[in-house]
Amino acid sequence: MSEAAQLDPEDRKIITLARSVRARNSVPEGAAVRDETGRTYVAGTVALDSLKLSALQTAVAMAVASGASSLEAAAVVTDAESASDEDRAAVRDLGGAGTPVLLAGPDGTLRATLDA
């Protein structure tokens, strides 16, 4: 059975949310994180003259700003081959080193599951 076929429905949900925000906002990346209570936070890439954040960094920041104390999982939808070290560090800071980072292509297909 493929890795994608074994995806937990809650993990599939955050990939779908990340894909949706990427498409809706026409940004390079979409991301979603799920906190310890099951709440989700969804964000796209932020590219202002004075502020540049990846979608995953933005989603983690939204979780922290909303009072999350941990993460269960994170997802990023991107053309990139992997999640950046900075993105994984943001997830690790809140969720710990074992927090899964689901890397999906623009079509929503899971390409890899990385440790934060």
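Mentor: Two strands pair if DSSP finds at least two bridges between them. Strands (E, at least two residues) and helices (H or I, at least four) are DSSP runs, numbered from the N terminus. The model is predicted: local features need pLDDT of at least 70, side-chain atom pairs count only at pLDDT 80 or more, and totals for chains, interfaces and linings use all residues. Residues are numbered from 1 along each chain as its sequence is written, and side-chain values use heavy atoms, without hydrogens or water.

Trainee: Which are the edge strands of the sheet?

Mentor: The sheet is open, with 5 strands and mixed pairing. Its order is β2-β1-β5-β6-β7. An edge strand pairs on one side only, which here picks out β2 (40–44) and β7 (110–115).

Trainee: Which residue in β2 stands opposite V33?

Mentor: Strand β1 covers residues 30–35. It runs antiparallel to β2, joined by 5 bridges. Opposite V33 stands Y41.

Trainee: What angle does helix α2 make with β2?

Mentor: Helix α2 (residues 55–65) packs on the sheet. It touches β1, β2, β5 and β6, contact meaning heavy atoms within 4.5 Å. Axes are lines fitted to C-alpha atoms, for helices over the stretch in contact, and angles run from 0 to 180 degrees between N-to-C directions. The angle is about 140°.
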